[in-house]
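These are my notebook entries on one protein model, written down in the order in which I looked things up.

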Amino acid sequence: MEIDYSELNYLQDPNWQDLHADYVQFLLSMTGPTVIDITGKNTNKCRVFTTLLQGNEPSGLIALHRWLTTRDDSQLPQTNLRFIICSVEAASKKSLFTHRFIDGSKDINRCFGITKQHPSFQHSQQGCYERAQRIEQAIREVNPEMVIDLHNASSPGPTFSISSIITTETLSLASFFCQTLILSDLNLNSLMEQEFSCSFITIECGGSFDEQAHEVAFAGISHVAQCDNIGYIHQEKNVEVIYRPLRLQVKTDVNLSYAEHDEGYSGVTLKNNIEYFNFGGAHQDEMIGWIDGDGLNNLQLLDKKGKNVIDDYFYARENQLVCKQNLRLFKATSNKEAALNDCLFYVVKHINSEA
Ligand SMILES: [Zn+2]
């Protein structure tokens with residue numbers, strides 16, 4: 001079926017029939033990206049949630065469906081709420097919630113802010129950029145006081161949030177979901193990098209198929225809906241700030257494998273339990289995988305200026321890939337497709353001693 005990239009459907013205060021019996025039925029009832037508007041007590045303000053930018057990241061959809069179907073209709077949220085459900089077509093493709101985007105298309109969260117004049121504009125991906133613009137427009141038209149973009153990681157890991165600015169407001173929004181806020185200045189043409197004149201945070205709820213991740217998203221939505229004043233300094237929990245992680249990638253055409261032991265594969269081989277490092281980090285002199293004769297040249301870790309700083313973070317111990325210092329890892333995954341499409345993981349030097 002041809003995808004209509006200009007399509008955007010609207011639902012105002014949906015009833016139980018619109019919402020269907022469960023989130024799967026609800027997903028299958030949608031034909032394309034869908035905007036759900038909920039009337040709040042204060043109708044002059046609006047808070048926006050975006051989700052399912054990537055079709056294999058269901059926590060936001062599951063949570064918003066749960067919130068919509070279990071809320072007490074007589075208890076309006078403090079402000080209007082707008083939920084924007086994006087990559088419906090990719091998510092509904094069998095097996096459900098396993099396709100990041102439709103074949104031949106592109107990850108929409110790399111398509112924001114790209115116009116015909118932009119150096120990364122590709123004619124074949126025009127539809128994606130158009131959809132990205134529609135979604136951006138759907139956010140702007142309600143002049144929101146905050147935007148929260150709900151995501152999942154491909155592999156298990158603790159919840160964390162990301163923002164391009166640290167303010168009391170982003171910290172308090174983050175605290176509704178988790179205890180870690182990453183300051184990111186990455187330039188990926190993601191939604192988060194666009195300017196909306198309000199607080200914007202991305203939540204990585206945890207693994208796509210982890211009930212706990214859905215729970216985190218639900219609790220956060222409920223909290224935001226009830227919160228009187230998000231501008232008020234109001235931190236639910238202490239939030240640790242992590243500054244500017246870098247993305248570890250294999251260079252183009254380098255083979256990537258996962259294994260329990262050294263199998264002598266070409267390119268880069270990561271330990272197949274690499275996601276464990278999402279929880280505890282990796283220590284100086286700890287190995288995380290193996291590399292072939294090309295050593296660290298297989299990998300790139302670009303800093304803000306585009307310089308490869310891999311040598312500051314890792315070294316080769318014979319053919320082992322070893323941490324040069326204590327590191328924090330985020331979104332480490334043994335999902336090869338995700339690792340190649342995005343990165344092997346996000347990494348930051350662990351400044352504090354472990355004591
Ligand atoms: Zn995502």
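**Entry 1: a strand with two partners**

I began with Ile 162, which stands opposite Thr 202 in β8. The model I am reading is a predicted one, and I keep that in mind throughout these entries. The pairing around this position is antiparallel, with 3 bridges between β6 and strand β8, residues 199–207. I then looked up the other partner, strand β7 (residues 180–183), and found that β7 runs parallel to β6 and is joined to β6 by 3 bridges. The bridge partner of Ile 162 in β7 is Ile 182.

Which element goes with β6 and β7 in a β-α-β unit? I noted helix α6, residues 168–175, and the unit that β6, α6 and β7 make is right-handed.

**Entry 2: the cores**

I looked up the largest nonpolar core, which has 42 residues, and wrote down the members that touch the most others: Phe 49, Trp 67, Phe 83, Ile 85, Ile 148 and Phe 177. Helix α7, residues 211–226, gives the most to this core, with 7 residues. In soluble globular proteins, nonpolar side chains tend to be buried together.

For Trp 67 I listed the contacts beyond four places in sequence, and these are Ile 38, Pro 77, Leu 81, Phe 83, Phe 218, Ile 221, Ser 222 and Ala 225.

**Entry 3: helix α7**

I checked the length of α7, whose 16 residues reach 23 Å from the first C-alpha to the last, close to the 22 Å expected at 1.5 Å a residue. What caps the N-terminal end of α7? Asp 210 does, with a side-chain oxygen 2.9 Å from the backbone nitrogen of Gln 212.

The buried residues of α7 include Ala 213, Val 216, Ala 217, Gly 220, Ile 221 and Val 224, and His 214 and Ser 222 are also among them. They pack against β3 (42–51), α3 (59–70), β4 (79–85), β5 (146–153) and β8.

I turned to Lys 331, which lies in the loop between β17 (327–330) and α10 (336–341). Is this lysine buried or exposed? Lys 331 counts as buried because its relative accessibility is 18%, and the cut-off for buried is under 20%. The side chain of Lys 331 makes a polar contact of 3.0 Å with the side chain of Glu 204. Apart from neighbours within four places in sequence, the residues in contact with Lys 331 include Ala 153, Phe 160, Asn 278, Asp 342 and Tyr 346. I also noted a positive phi of about 60° at Lys 331, although this residue is not a glycine.

I then looked up Ile 84, placed in strand β4, which counts as buried because its relative accessibility is 0%. From Ile 84 to Glu 204 I read 120 residues in sequence and 17 Å in space, C-alpha to C-alpha. Among the contacts of Ile 84 beyond four places in sequence are Val 35, Val 48, Phe 49, Ile 135 and Ile 139.

**Entry 4: backbone details and another set of strands**

Where is there a cis peptide bond? I found one from Lys 94 to Ser 95, with omega near -20°, and Ser 95 is in the loop between α4 (88–92) and α5 (126–140). Asn 143, in the loop between α5 and β5, has phi near 45°, a positive value in a residue other than glycine. Asn 143 is exposed, with a relative accessible area of 62%.

Lastly I followed β12 (residues 268–271), which runs parallel to β11 (residues 256–259) over 4 bridges and pairs in the antiparallel sense with β13 (residues 287–291) over 3 bridges. Leu 270 of β12 is the bridge partner of Tyr 258, and the partner of Leu 270 in β13 is Gly 289.

Key: Residues are numbered from 1 along each chain as its sequence is written. This is a predicted model: local features need pLDDT of at least 70, side-chain atom pairs count only at pLDDT 80 or more; totals for chains, interfaces and linings use all residues. Side-chain values use heavy atoms; hydrogens and water are left out. A nonpolar core is a set of buried Ala, Val, Leu, Ile, Met, Phe, Trp, Tyr and Cys residues joined through side-chain atoms within 4.5 Å. Buried means under 20% relative accessible area, exposed over 50%, partly exposed in between (1.4 Å probe, protein chains only). Helices (H or I, at least four residues) and strands (E, at least two) are DSSP runs, numbered from the N terminus. Contact means heavy atoms within 4.5 Å. Two strands pair if DSSP finds at least two bridges between them. A crossover is right-handed if, with the strands pointing away from the viewer, the path from the first strand over the helix to the second runs clockwise. The expected span of a helix is 1.5 Å times one less than its number of residues. A polar contact is a pair of N or O atoms within 3.5 Å; within protein, one must be able to donate a hydrogen and the other to accept it, and residues adjacent in sequence count only if both atoms are side-chain atoms.
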